[in-house]
Amino acid sequence: MSKKSSQINYKKIKYSSLLGSIVTFFIGMTLGGFVLILGYELLYSYVMESKAYNEYKDVTVMAGIYDKYDRDYDSADNIYNLLDEFDREYMVTDALNNVLMLKGENTCSFNGGTAILSNYPNTFTFYQDSERPALRLNKKGKIVINNADLNSKDELSGYEYTVTIAEDDNIFDENFEELNVSPDSFEKLINMPYWISVPVKDGSENLVVKCYFKANSSDVFTATLLIVGIGLILLFAFIAFLVSAIRGFIRYHRISQLYYKDDVTKGNNWKWFVIKGEQRLRKRKTARNRYAVLNLVFVNYRNYCVCHSIEDGEELLKKIYEQLQKDITAGEMCVRSASASFSLLLICQDDNSQLEMRINDIINHLEYIDQNHKFSFQVGVDFIERSMNPSGRPVRRTSINLDTEYNKACTARNEIADSDDSGIRFFDESLVQNQKWLEFVQSNQQKAVNNEEFKVYYQPKYDPRTNELRGAEALIRWESPEYGFITPGKFIPIFEKNGFITEIDHYMIRHVARDQKKWLDEGLRCVPVSVNVSRAHFAEKDLADQIRDMVDEAGAPHNLVEIELTESAFFDDKKAMVSTINNLKGYGFSVSMDDFGSGYSSLNSLKDMPLDVLKLDAEFFRGEFDSQRGEVVVSEAIKLAKNLNMRTVAEGVEVKEQVDFLAGEGCDMIQGYYYAKPMPKNEYEDRLSKNNE
C-alpha cells in the first residue's frame with residue numbers, strides 16, 4: 001500500500017471514530033436550543049399575554065359598568081362606588097385624554113399604542129406607567145419587559161419593589177401591609193404597573209385603568225419546570241455526547257492498534273513508522289536533531305525457516321524486535337517493515353563514525369541472539385539532515401518524505417546484498433549515479449538491440465606451437481549515442497539480473513552466424529567462433545532447437561559456431577543441461593566450458609558433461625604462475641582434458657613464458673593479450689585474411 005493511501009486510511013479511521021460523537025453532540029445541542037427557544041416563546045406568550053388578557057377582562061367589566069351610568073338619571077356617587085369595588089386606580093378622559101375624573105394618583109404616561117395579543121382575539125390600548133415604565137410595546141405590538149428599566153445585568157433581581165400583600169389573594173381590603181421584597185423571593189408577588197384604556201360612552205370618553213403584571217408562585221413553578229425540562233434535555237445531550245465520545249475514542253484506539261499492529265512481533269508496523277515518523281520529524285522540538293534511517297535485514301532468514309519452521313522463524317523475528325527495542329532510546333523508532341527487514345529511525349551526531357560504532361553494537365547483539373547459531377545482519381543507512389534557515393539556525397522540517405529516505409537506505413543495503421556476511425553501507429551520491437545508470441540501461445536495452453548499438457568484438461585464439469589462428473571468442477560491446485563506448489562489465493551484470501541476457505544471447509548468435517556466412521561467401525577459410533550462452537537460457541528445454549534455427553537462418557555451418565557455457569551453469573538442473581548439450585552436439589555444434597577452475601565442482605562436472613572444449617580460467621595465469629604448484633595444476637588439467645578427448649584453451653595469457661610453458665604441455669589454443677585484445681569485426685576480418693594467406 002502506498003504511503004498516501006495509508007495516510008488517507010488513517011485519517012478515515014481517526015475521523016470516522018469521532019464523527020458519531022460530534023454529530024450526536026451537535027444534534028443534541030441543536031435540539032436543546034430549539035426546545036429552549038420554543039419554551040421561551042411559550043412561556044413568554046403564557047405569562048405576558050394571559051396576564052394582560054385577564055387584566056383587560058377586568059377593565060372591560062369596569063367599562064361596562066361605567067357605560068350603564070346615565071348622568072341624567074343616576075347618581076355619580078353610585079357609579080363611582082361600584083367602580084371602587086375593583087380596588088383599582090383609574091380615571092376617565094375625553095377623546096383628547098383630558099382627565100374628567102380621577103381615582104388615585106395619575107401616573108399614566110399616555111405613551112404606548114395598540115397591544116396585540118396573538119393567542120386572544122382582542123386588542124387594546126396600552127400605556128406605560130410614568131413612574132415605573134417596566135413594560136412596553138415592541139415593534140410587533142407585543143407587551144415586553146422594558147430592558148432600559150432593568151439593571152446592568154439585565155435581570156429583575158436588582159430591583160426591590162413595594163407591593164401590597166393581602167391576607168387573601170383574591171380579596172383586597174384595607175388590612176394590608178407594605179413589604180420590601182426582592183423578585184428572587186418566589187413566594188411574593190411582583191407587580192409591574194401599566195395602563196389599559198377602553199373607550200366608553202360610544203367613544204366620546206375613555207376609561208383608563210391602572211393594571212399590574214403579576215407573577216406568582218405558580219408562574220415561577222411553571223417557568224422552573226420548563227427550565228428544568230430544557231436542562232434535562234441538554235444534560236441528556238451532553239451525556240449522550242460524552243458516552244459517544246468515550247466509545248468513539250475506545251473504538252479509535254482499538255482500530256488504531258489493529259491498523260498499526262504487526263502480527264509477528266506484536267509491535268507497530270510500517271504504516272505506523274511512516275505516519276508517526278513524519279509527524280515526529282516535522283515537530284519544532286526535533287528540528288535540532290539529526291536522524292539516520294536504517295534498513296536492517298536478517299540475512300538468510302528463509303534458510304533458517306527451511307531448516308526449522310516458519311513458526312520458529314517468526315519467534316526469532318520477535319526476539320530480534322525485542323532486542324532492537326532495548327537498543328533504541330526515547331525519541332527513536334523501530335518496526336518490522338517486511339518479511340525479515342526492520343526499519344529504524346535513530347538520533348545521531350554529525351560524526352558518522354559514532355553511529356557506525358552503535359550499529360555494529362546492535363549487530364553484535366543480534367548475531368548471537370540464539371546461542372546455537374550465529375546470524376548475519378546487513379544495514380543500509382541514510383541521513384536526514386537538519387533544515388537550516390539563512391542564518392544557520394535549525395528550523396522545522398516542513399517537507400519530509402520518510403518513504404524516500406528509507407528507500408535510499410534500502411538501496412545502500414542492496415549494495416552488499418550479494419554477501420552473506422554482516423555489514424553496513426551508507427547511502428552516498430555514487431549510489432544515486434548507480435541507480436541512474438541502472439535506470440538508463442533498463443530503459444534503453446531494447447532500443448539498443450533494435451538500433452544495432454551492440455557490437456560484436458572478436459578475440460582470436462592461437463595455436464602456441466605454430467602461432468596459427470585456430471579460433472575466436474565473440475564478445476559484446478555497447479556503442480551508445482549517449483555514453484559512447486561501454487564495456488560489458490557495466491551492463492552484462494544488469495542483463496543477467498533482469499533476464500535481458502537471453503535476448504543478448506540471441507543477438508550474438510545471429511550476428512556471429514551472419515559474419516561467418518559473409519566471410520565464407522567472400523572465400524575466407526573461417527575458424528570456429530565461441531559464443532557465450534547464459535545459464536538462464538538453459539531453463540528452456542528447446543534451447544538447442546533455438547540455436548540451430550538461428551544459425552540455419554543465417555546459413556552458417558554448425559561446426560563454425562561453438563556454444564560456450566560458464567562453469568556456474570553446471571550447478572543448475574544437471575539433467576536438463578546434459579540433454580541440451582547432447583542435442584547441440586547432435587546438431588553439429590561444439591560445446592565448451594568457460595572459466596574452468598573458478599568453482600569447486602569442476603571435476604564432477606567434467607565427469608558428467610559431454611564437452612568438447614575446456615577453457616582454463618584466466619586466474620591460473622595471474623600472480624605467481626611460475627610457481628611449481630601452479631604449473632602442476634595447469635599441467636594436470638591439460639592432461640585430464642586430453643584423456644577426456646577435449647581440446648584446451650588457456651585464456652588471459654599475457655607473457656611469453658606462459659606461452660612457452662603451455663605449448664610444452666600440449667595446450668591447443670591460447671586466448672589473451674599476448675596475441676591480441678578483443679577487436680572490432682573489421683580488424684578481425686583482416687587477421688582472418690592474413691591467416692588465410
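Start by selecting tyrosine 90, which stands opposite valine 209 in strand S10. Now colour the two strands around that pair: S1 (residues 90-94) and S10 run antiparallel and are joined by five bridges. Strands here are DSSP runs of E with at least two residues, helices are DSSP runs of H or I with at least four, and both are numbered from the N terminus. Two strands pair if DSSP finds at least two bridges between them. Show S10 (residues 205-215) on its own and you have a mostly covered strand, with nine of its 11 residues buried. Buried means under 20% relative accessible area, exposed means over 50%, and partly exposed lies in between (1.4 Å probe, protein chains only).

A word on what you have open: this is a predicted model, where local features need pLDDT of at least 70 and side-chain atom pairs count only at pLDDT 80 or more, while totals for chains, interfaces and linings use all residues. Residues are numbered from 1 along each chain as its sequence is written, and side-chain values use heavy atoms, with hydrogens and water left out.

Step back to aspartate 87, in the loop between helix H2 (76-84) and S1. Its phi is near 55°, a positive value in a residue other than glycine. Aspartate 87 counts as partly exposed, at 48% relative accessibility.

**A buried loop residue**

Next, pick aspartate 262, in the loop between helix H3 (217-260) and helix H4 (270-281). Is this aspartate 262 buried or exposed? Aspartate 262 is buried, with a relative accessible area of 6%. Leaving aside residues up to four places away in sequence, aspartate 262 touches Gly267, Asn268, Asn269 and Arg336. Contact means heavy atoms within 4.5 Å.

**The five-stranded sheet**

Now bring up S12, S13, S11, S14 and S17. They form an open sheet in the order S12-S13-S11-S14-S17, with mixed pairing. Strand S12 (333-336) and strand S17 (423-426) are at the edges with a single partner strand each, so one side of each has no neighbour in the sheet. From one strand to the next, the twist averages 20°.

Inside this sheet, zoom in on S11 (residues 290-298) and S13 (residues 341-348), which pair in the antiparallel sense over eight bridges.

Then move on to asparagine 300, in the loop between S11 and helix H5 (301-307). Asparagine 300 has a positive phi of about 60° although it is not a glycine, and it is partly exposed, with a relative accessible area of 37%.

**Two helix pairs**

Two packed helices are described by the angle between their axes and the distance between the axes. Select H6 (residues 310-327) and H7 (residues 352-367): they pack at an angle of about 145°, with their axes 10 Å apart. The axes are lines fitted to C-alpha atoms, for helices over the stretch in contact, and angles run from 0 to 180 degrees between N-to-C directions. Show side chains for Ile320, Gln323, Leu324 and Asp327 in H6, which meet Arg358, Ile362, His365 and Leu366 in H7. That contact divides into four nonpolar, two polar and two charged residues. Ala, Val, Leu, Ile, Met, Phe, Trp, Tyr, Cys and Pro count as nonpolar, Asp, Glu, Lys and Arg as charged, and the others, Gly among them, as polar.

For the second pair, take H11 (residues 501-521) and H12 (residues 543-554), packed at about 35° with axes 8 Å apart. Here His506, Ile509, Arg510, Ala513, Arg514 and Lys517 in H11 meet Gln546, Ile547, Met550, Val551 and Ala554 in H12.

Finish with S19 (residues 469-480), which is mostly covered: 10 of its 12 residues are buried.

- S18 (residues 454-462) runs antiparallel to S19, joined by nine bridges; lysine 455 has arginine 477 as its bridge partner in S19. The two form a hairpin with six residues between them, and asparagine 467 in the turn has a positive phi of about 60°.
- S20 (residues 484-486) pairs with S19 in the antiparallel sense over three bridges, and glutamate 479 stands opposite phenylalanine 485 in S20. This hairpin has three residues between its strands.
- S21 (residues 529-532) pairs with S19 in the parallel sense over three bridges, with serine 530 as the bridge partner of glutamate 473.
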